[in-house]
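Thanks, everyone. Let me put the model on the screen, and then I'll walk through it.

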There are 2 protein chains.
Amino acid sequence: MAQITHLAVIAGLLTSGVPAAAKNEPPAAASKPEPAAAAPSPGEIVAQASSDEWVRIAPKDLLVMNLAADGQGKARQVIIQLMPPPFSQGWIDNIRKLAATHWWDGTSINRVQDNYVAQWGDASEKKPLPAGLATVPESEYTISSQAISDARYAAGFSERDSYAQSVGFIDSWPLASNNASSEPTYWPVHCYGAVGVGRNYAPDTGSGAELYAVIGHAPRHLDRNIAVVGRVVEGIEYLSSLPRGSGPLDFYETEAERVTINSIRLASELPTAQQPQLEYLSSDGATFARYVDARANRRDPFFIQPAGGVDICNVPVPVRRVRGK
Amino acid sequence: MAQITHLAVIAGLLTSGVPAAAKNEPPAAASKPEPAAAAPSPGEIVAQASSDEWVRIAPKDLLVMNLAADGQGKARQVIIQLMPPPFSQGWIDNIRKLAATHWWDGTSINRVQDNYVAQWGDASEKKPLPAGLATVPESEYTISSQAISDARYAAGFSERDSYAQSVGFIDSWPLASNNASSEPTYWPVHCYGAVGVGRNYAPDTGSGAELYAVIGHAPRHLDRNIAVVGRVVEGIEYLSSLPRGSGPLDFYETEAERVTINSIRLASELPTAQQPQLEYLSSDGATFARYVDARANRRDPFFIQPAGGVDICNVPVPVRRVRGK
């Protein structure tokens, strides 16, 4: 036993490199059996997607947050993709106005709760909001089926879910639905990295000035109780690795603990050279379907027992920098 | 809109304090309606458990990891509860031997991957293992139904699950089962905080010297593919808030990045005064059932729409310090 090589690698979420096995060639005959079925990993499947399966994210849909540099002077940038219509657009309109007026500049990360959320906004609670923000009703937490394409939803995904009658993807956004009922609605779900709108007790649904990102196991009990407006597509580690707060609800208790937000801008308001060039894998393509299947049934060499299912928040949507940008 | 109070608190996982409403008294008549049904939160339900519903964790089942102090000189202790029989005992016997021989002292945290795991062991891969460690077969990833009480499992929990035919708790450990099949087995699941045994490709199931803790959304595709041996019951924030690695699979690439493990000991081998005194809420009690129901159907004042379900990894088992210890 002592000779065992114990650099034990537990399988990564996305691995790079595409071995021959990933090209669906039959395993070569060999005196030693090939490891398992040598099926491609989810990451290898994604790497094989054709370029037309990747969708560029428009600069108006990207929120770029620059935090103060860390203790070693390293820059920390968090990039958020805002949800497309028809979801949560009332809050998102507010968020675009807040960014355009530079409202968040000089505010801070105020709360980091382990296995839950990192939350930011004005710690003083006294900074006036810009004029013209909408008051968004609770009814916008869900969208009626008339407003979206049931067919595209159904094509995306349909596994057993612990919280809803079904789950699926539209435009590569994870959604849930009570679509077996007589008046079906759809709603975005709180997966890791989801960005939502902090609020007080009902009927206040929040202005959008106070935001949070999920940094733990999907808190899906928040679905339909608070607005999901986007997801972190780059740099979430600058939120998830922050020290946890020590106050009630894990808010930071002192100014020294808070992390200053230097700026939050829509990418469309940045000089072209500073606009992040990102793209996501379309949930309408054949590769996405193969990717979901592989997440539910891991058959790449590390795995012994495919699960036969997967929850929607364990299917992270692939997002990448556009090549060379 | 500008007058809105925007200290927006999104609901905490466990809140302290037990308001009158939590004692199941009818809401008082009032000119203003009480917020929602004023039902107790999951945390308030747990706070009402009687003392005989709390189970002391034996010192032989606690692994105490002392990391090197952080940059501010603050001590960092991570406490792990090992699984009880009949689960994963081959690896756990190895782990007790490794702790007894102080094998981990001077090793390090070597990998931190965002939304996945923190992993530790001997970065050199050359440290000899102690004699007498068992080689544990893959078959021990699951337990046959003869070895456990189906009745207690069934009483614990049974929500729709995305990965298995059922899920439940025994001795307050989250489990899954294919119990609708002719030869049912049970297995522990990878929830946030789960501790598992790193391994290489099959048939190597790992010695137990290389361990990891889940610090992200439950990677349940690892269930039955790698051994779960315990869970972090205190101090996981010292792992989850570490900087993420920059090498392949997010391993740290340099000695400077690694976090030294000063020691790992079974609590039973520590002086009595240093033994952590911890207890968990029994999954056999009435309070646990109420707690699960409240996690699935949040009715405390913040919530508008109870989900009607919950996944097992969104039901964290309450663990606390024994009063005054």
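Ground rules before that. This is a predicted model, with local features needing pLDDT of at least 70 and side-chain atom pairs counted only at pLDDT 80 or more, while totals for chains, interfaces and linings use all residues. Residues are numbered from 1 along each chain as its sequence is written, chains are lettered from A and ligands numbered from 1 in the order written, and side-chain values use heavy atoms, leaving out hydrogens and water.

The interface. Chain B puts in 79 residues and chain A 80 residues, where contact means heavy atoms within 4.5 Å. Together the two chains bury about 7300 Å², 58% of it on carbon and sulfur atoms. That buried area is the accessible area (1.4 Å probe) lost on putting two parts together, summed over both.

What holds for charge pairs here? Between chain B and chain A there are 0 salt bridges. A salt bridge is a Lys or Arg side-chain nitrogen within 4 Å of an Asp or Glu carboxyl oxygen.

Now salt bridges over all chains. The count is 26. One of them pairs A:Arg152 with A:Asp171, closest N and O atoms 2.6 Å apart. A:Arg152 sits in helix α3 and A:Asp171 in the loop between β7 and β8, so the pair ties together parts 19 residues apart in sequence. Helices (H or I, at least four residues) and strands (E, at least two) are DSSP runs, numbered from the N terminus.

Over to chain B. B:Glu234 bridges to B:Arg321, with closest N and O atoms 2.6 Å apart. B:Glu234 is in strand β12 and B:Arg321 in strand β15, 87 residues apart. B:Glu234 is partly exposed at 27%, and B:Arg321 is partly exposed at 32%. The cut-offs are relative accessible area under 20% for buried, over 50% for exposed, and partly exposed in between (1.4 Å probe, protein chains only). Another bridge joins B:Asp223 and B:Arg220 at 3.1 Å. Both of those residues are buried.

Last, the proline. Where is B:Pro243? In the loop between α4 and β13 of chain B. B:Pro243 is exposed, at 52% relative accessibility. Leaving aside residues up to four places away in sequence, B:Pro243 touches B:Val112 and B:Tyr252.
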